Every structure is written in C-alpha cells, then in structure tokens.
Amino acid sequence: MLASLPTSLISFISYFLTTNNDIPQPPPQQQQLTFQLRHVHAHTPEGTTVLSDIPSTLMPYEISLPVARTRVHKPPSVASVEAYRKGRGVKSFEWDEEEISGPDVAKRKTLLTLASMAYDAYYEPGDKEWYDVGAGWNKSFPFGYSPLEDGMRGHVFSTPDNSTVVIAIKGTSANWLVGGGGPTTRNDKINDNLLFSCCCARVGPTWSTVCGCYKRAGKCDAECLQESLKGDSLFYQVGLNLYNNITYLYPNANIWLTGHSLGGGLSSLIGATFGAPVVAFEAPAERMPARRLHLPMPPETHHVMHVYHTADPIPMGTCTGVTSSCAIGGYALESRCHLGNLILFDTVTELGWSVDVRTHGIKAVIDRIFADDSEWVKMRRRKAAPPESDPPSEPESLSRWSSFWEWPWTPGPDEPEPIPDDDDKLIIPAPRPAAELEGDGEGGGCTDCFAWEFEKGEGGEGSAECLA
C-alpha cells in the first residue's frame, strides 16, 4: 500500500511508525547521588595537610543529594594557574568548558544537607553538636581534631564509586559567631582580616594591622596587599594544597566544595580557581580577595552559588566601622561584592528579622530557614496557600434536590488545591547573579572599599608580611 504513495509522503508516515526503541535516546540523568564521610582534613602547625581516613565499617550510612547538570570552566592544568598567578609569562589561557553533575540548589533538601555538612565541619565526628546528616550515623570515632592543629580543617565525602567528592571547609570559630571558639580562632581571625578587609584590617587608628600596607589616611599600597596574601601558611594556599591532595586521591572525580562564613569564602575562591561547583553559606564577599590573589577568572562563575539572608551583616557587607559588632570582636569584614550567583533570603522584609550578627551562625540558618518546621518554610507555605472562602450560595430548591440526590455533577464550592510535597519553588528564591543583586543601583556594578584609594608601590608603614 505504501509503495503506491509518493516518496516524500512515505518518509513522513514512516517517521510516525518508528518505535521509540529505534530512536536513539539520551542516557538517563541521575536524580541524586549518595555520599559517605571518608576523611577528616586538617592543616598542622608544621605546614602539612593531613587526611585521616574514616573506615567504612564506622561510617556505613549514606547521605543523598539531588543533582543537576552544571556548566563549569576548568583551567588546563594546576601549573598554568600557578604560572598565571605568579606572572611567569602566562597572561591568559583557554578554559575547558564541561557539563557535569553538580548540586541541585533549587532543592531545599540540597541546601539543608550541604548546610548541615558545613556546620559539622566545625566539630569532630561524634561531637554532641554534630548534625545527623543521614539516619543512623555512627559517632564512635577513634580520632578527631588535635588541639594543636590551628589551621584549616573540615571533612571529605565521596560517592561509593568515587565519581564525586564533596569537601566541607570549617569557617571562623568565634564565641560570638559559631563553633564556640577553639584552637583555630587566632588563625581564623588573621585569614578573615587579610582576605576580607580593605587594608590590613585598618579599621581605626587604634587597630593593630595584620600587614604593613597602610600608608596614610584613606590610602593603601595595592602591591603590598597582593604580596601579603602569598604566604604558604595562609588558608587559600592551604586550600589549594588540600584540593591538589584530593585530586591525587580521586583523579577521576568531580569535586564540589561547601562551607560556612570563612569556609564558604575559601570554598568559593578554590572553586573559582579550578571550576568546581560551590555552595557557600553566609560567606564574606570574595571578589576583592580573588583579584588580590591574581586568580585567573573563567568566562563565567555561575557554578559558584552563594546562599545568605538579609539579616546577616557579614555577607551583606554592612558589618563595618569601629562601632560594628565585627569590629568589637576584632574582625574587619569589609568586602561586599561576591562572585557567581546568589540565593538571597529576605528575612528582614519577609520575617521581620533585625539585622544582627548573631543570625550569622549556620545553625540559625538551618533551624530557622531550611528545616521543615523553620520560620521561613512555614511563612512561604502560608503565603502560598489559597485563601479560605465561604461556599457560594445556591437557590433553596436546587440545594434541597442536590442534597437529596447527591448527583456527582452537582455544583459545589471550589476546594483549595493542596500544597504539593515538592514545594521547593515556593520556598527557595530563584538564583540571580550576585553582581545584579549587590549592585550600587542605577545599573552600576558592585564596589568594594569605595572610601579607600589604592596606590602602587612606595610601600606602607611596614612589611607586606603578615604581622600577626
């Protein structure tokens, strides 16, 4: 029968007669990945990065994380990055664009789980403060953090097939923030003040600066600032060493990073350097230190996702000045411009929170924004629920007959549709470029340290070396 039809018509009909099995189908995309805690990482006073293995017999339980396709740009090699940063004849290079499985930040479960992993990085496994990220976590670990280890630390998770690894980096330990202080407090403060202050933590005339780049009122030596960030013991360089160690252990793995506060800022700087997906919580703005560190910037940094709320003055860049809570605690967290994209929870407008540095802690973010019974989730669900209304009235005769016969097509009141279980779109604000949300208005970009002038050369009041 088909033979008598024109060739073009035969081709058209054959297309619809072809079975799905005859059409090449794309491979199914994984909806989630499972992870296990594999290592505790720390930086010792001797300057080495230590990875303590966690036997699978002690950690048999898994964490599941939703995933989504993520576009990243990776440098051709670690050597090319180092050559670019140190000015060894490499002024630019071609980035390798890839599409990999990254964390699905549109899912509340993803943010809640990664935030819990970032929180747990403050504590050794088994501590009473440890969040149970997965059911039945074994807490009887025979090792932990040495009190003598005052450097960067955290945890390393991986999938059973080692295809994806998550590095969680601890943030600042301070009694007034989170973590209750501890042996890393001094080094945390030095790194905070070096990375995120305008000029060596020169907040006021009575401050002891962390480097000698201050020149005179409102002026700072830019080259001196850049030199001050080159120390091997500073956390960014330690983070690079950690990343290189993890890629050596897991050569074929996709690396993700997460962290809170200082840990989030370091995660972002490392992720921007190597094209690794990042989810950073309540992190100080890192665009300024990225420039001072001479990091090569990829064509885009959408794989870096910042998550913070408007009541936290630290990521908002408003915890500044000699009378601020940060300054009173000895911190100069003055940067305000982030890299990448931003999920911004407007807790000031939507929940009536006051701007307060005490909302900076990751535990407050987990309990009050991400958790099932949190203030944010309840508020967004309440606003999304349709308003209750009285049923429409109907003529008495129709009402009498409909109630008697109970016809299935009898008109009745419109019942409100239940809120779906998967209501993440109602709860999680849509990501937007950080520069767009943090801009200075009137279409302008974001500006760091606008009250300072940065000059080249001549030196400041002291050495570029860390003075602390």
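**Reading burial, strands and contacts in a predicted model**

Guide: His294, with a relative accessible area of 34%, is partly exposed. Residues are numbered from 1 along each chain as its sequence is written, and side-chain values use heavy atoms, with hydrogens and water left out.

Visitor: Where is His294 found, and what is its phi?

Guide: His294 sits in the loop between α8 (287-292) and β11 (304-309). Its phi is near 60°, a positive value in a residue other than glycine. Asn162 also has a positive phi, about 60°, and is not a glycine. Asn162 belongs to the loop between β5 (153-158) and β6, and at 31% relative accessibility it counts as partly exposed.

Visitor: How many helices and strands does the protein chain have?

Guide: Helices (H or I, at least four residues) and strands (E, at least two) are DSSP runs, numbered from the N terminus. The protein chain has 16 helices and 14 strands. Of its 468 residues, 50% count as buried. The chain exposes about 22900 Å², and carbon and sulfur atoms supply 52% of that area. Such areas come from the Shrake-Rupley method with a 1.4 Å probe; for residues, only the protein chains shown count as cover.

Visitor: Which strands does β9 pair with?

Guide: Two strands pair if DSSP finds at least two bridges between them. Strand β6 (residues 164-169) runs parallel to β9 and is joined to it by 6 bridges; Thr164 has Asn254 in β9 as its bridge partner. Strand β9 (residues 254-260) is also joined to β10 by 4 bridges, and these two run parallel. There, Leu257 has Val278 in β10 as its bridge partner.

Visitor: Is β9 enclosed or open to solvent, and which residues are on each side?

Guide: In β9, 7 of the 7 residues are buried, so the strand is largely enclosed by the rest of the structure. Asn254, Trp256, Thr258 and His260 lie on one side, with Ile255, Leu257 and Gly259 on the other, and both faces are covered.

Visitor: In what order do the strands of the open sheet run?

Guide: The order is β7-β8-β14, an open sheet of 3 strands with mixed pairing. Strands β7 (214-216) and β14 (453-455) are the edges, since each pairs on one side only. Neighbouring strands here are turned by 35° against each other on average, direction ignored. Strand β8 (residues 219-221) runs parallel to β14, with 3 bridges between them, and Asp221 stands opposite Glu455 in β14.

Visitor: How do the axes of α12 and α13 cross?

Guide: Axes are lines fitted to C-alpha atoms, for helices over the stretch in contact, and angles run from 0 to 180 degrees between N-to-C directions. The axes of α12 (residues 362-370) and α13 (residues 375-384) come within 4 Å and cross at roughly 20°. The two helices are therefore roughly parallel to each other; angles under 35 degrees count as roughly parallel, over 145 as roughly antiparallel, 65 to 115 as roughly perpendicular and the rest as oblique.

Visitor: Which residues meet where α12 and α13 are in contact?

Guide: Contact means heavy atoms within 4.5 Å. Arg368, Ile369 and Phe370 in α12 meet Glu375, Trp376 and Val377 in α13. By class, this contact has 4 nonpolar, no polar and 2 charged residues. Ala, Val, Leu, Ile, Met, Phe, Trp, Tyr, Cys and Pro count as nonpolar, Asp, Glu, Lys and Arg as charged, and the others, Gly among them, as polar.

Visitor: Which residues does Arg108 touch?

Guide: Not counting residues up to four places away in sequence, Arg108 touches Phe370, Ala371, Asp372, Val377, Arg381, Asp424, Ile427 and Ile428. Arg108 is part of helix α3 (residues 108-120) and is buried, with a relative accessible area of 9%. For the chain, among contacts between residues at least 6 apart in sequence, 75% join residues at least 24 apart.

Visitor: Where does Leu234 lie, and is it buried or exposed?

Guide: Leu234 is in the loop between α5 (222-228) and α6 (235-249), and at 11% relative accessibility it counts as buried. Leaving aside neighbours within four places in sequence, Leu234 is in contact with Asn191, Leu194, Ser228 and Leu229. Leu234 and Ile190 are 44 residues apart in sequence and 8.7 Å apart in space, C-alpha to C-alpha.

Terms used. Predicted model: local features only at pLDDT ≥ 70, side-chain atom pairs only at ≥ 80, totals over all residues. Buried < 20%, exposed > 50% of the residue type's maximum accessible area, 1.4 Å probe, protein only.
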